[in-house]
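I opened the model to look up its sheet, its helices and a few loop residues. My notes follow in the order I took them.

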Amino acid sequence: MSKRPSWDEYFIEIMHSVAKRATCDRGKSGCVIVKDKQILTTGYVGAPVGLQHCDEVGHLFKTVYDSEGNKKQHCVRTTHAEQNALMQAAKKGTPVEGATVYCSMTPCRDCAKLIINAGIKRVVAEKRYHADSDSLDFFEKAGVKVDILDDKVVKYKGQ
């Protein structure tokens, strides 16, 4: 007899399927927003609607510096999976207050702020994002519960 997955395992598996639609090979990430064990919306990383994707024209890199002053390359062509999931909910008029976000990695600072303002109460991240200290601090201060399933930090080629 096979073991039935927990709800977290189940929604993370669905998040993996959603992430397959991602159009930026640096961060094939996905997001599923769930409330009362029901999927409200999904999102994956990709260029805004109508614009060319990284997979088509390459990355749009900008140089950024982390909190220790280390130079990093960040692709800014895409909208993050969490942002896309929240925008899909907004477009369809689907309330997400009190929901749980399932995502590939801990959300970045900007996604964390959107998640907090949307009233989401829990984040389940499969792995850690390389620059998640601000977002984890924001979540803690806002009372958003964060569960990281694997403490491994996601690294990108050329980061």
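This is a predicted model: local features need pLDDT of at least 70, side-chain atom pairs count only at pLDDT 80 or more; totals for chains, interfaces and linings use all residues.

Residues are numbered from 1 along each chain as its sequence is written, and side-chain values use heavy atoms, with hydrogens and water left out.

**Entry 1. The E1-E2 loop**

I started with Asp36, which lies in the loop between E1 and E2. Helices (H or I, at least four residues) and strands (E, at least two) are DSSP runs, numbered from the N terminus. Asp36 has a positive phi of about 50°, yet it is not a glycine. Most residues other than glycine have a negative phi. Is Asp36 buried or exposed? Asp36 is exposed, at a relative accessible area of 69%.

I then checked Lys37, found in the loop between E1 and E2. Lys37 also is not a glycine and has a positive phi, of about 65°. Its relative accessible area is 47%, and I logged Lys37 as partly exposed.

**Entry 2. The sheet**

Next I traced the sheet. Two strands pair if DSSP finds at least two bridges between them. Strands of a sheet pair through backbone hydrogen bonds, either parallel or antiparallel. What is the strand order of the open sheet? I read five strands in the order E2-E1-E5-E6-E7, with mixed pairing. Strand E2 (38-44) and strand E7 (145-148) are the edge strands, and each pairs on one side only. Neighbouring strands of this sheet are turned by 20° against each other on average, direction ignored. For such angles, axes are lines fitted to C-alpha atoms, for helices over the stretch in contact, and angles run from 0 to 180 degrees between N-to-C directions.

I looked at two pairings. Strand E1 (residues 30-35) runs antiparallel to E2, and six bridges join them. Cys31 stands opposite Gly43 in E2. E5 and E6 pair in the parallel sense, over five bridges. Val101 stands opposite Val123 in E6. I also checked cover on E6: five of its six residues are buried.

Helix H1 (residues 7-19) lies across E1, E2, strand E5 (100-105) and strand E6 (122-127). H1 runs at about 140° to E1.

**Entry 3. Helix H3**

Helix H3 (residues 81-92) has 12 residues. I took its span from first C-alpha to last as 17 Å, close to the 16 Å expected at 1.5 Å a residue. The expected span is 1.5 Å times one less than the number of residues. Which residues of H3 are buried? Ala81, Glu82, Gln83, Ala85, Leu86 and Ala89 are. The buried residues of H3 pack against E1, E2, E5 and helix H4 (109-117). Just after H3, Gly93 takes a positive phi of about 70°.

**Entry 4. H4 and its two partners**

I compared axes here. H3 and H4 pack at about 30°, with axes 9 Å apart. That makes H3 roughly parallel to H4. Angles under 35 degrees count as roughly parallel, over 145 as roughly antiparallel, 65 to 115 as roughly perpendicular and the rest as oblique. H3 passes H4 in a left-handed crossing. A crossing is left-handed if the near helix is turned anticlockwise from the far one by less than a right angle, and right-handed if clockwise. Glu82, Gln83 and Leu86 in H3 meet Asp110, Cys111, Leu114 and Ile115 in H4. Contact means heavy atoms within 4.5 Å.

The axes of H4 and helix H5 (residues 133-142) come within 8 Å and cross at roughly 15°. H4 and H5 are therefore roughly parallel to each other. H4 passes H5 in a right-handed crossing. Among the H4 residues that meet H5 are Arg109 and Ile116. Phe138 and Phe139 are among those on the H5 side.

Thr78 sits in the loop between strand E4 (71-75) and H3. I found Thr78 buried, at a relative accessible area of 13%. Leaving aside neighbours within four places in sequence, Thr78 is in contact with Cys24, Val45, Gly46, Ala47 and Cys54.

Gly98 is in the loop between H3 and E5. Gly98 counts as partly exposed, at 38% relative accessibility. Its C-alpha is 8.6 Å from that of Ala118, 20 residues apart along the chain.

Definitions and conventions:
Buried means under 20% relative accessible area, exposed over 50%, partly exposed in between (1.4 Å probe, protein chains only).
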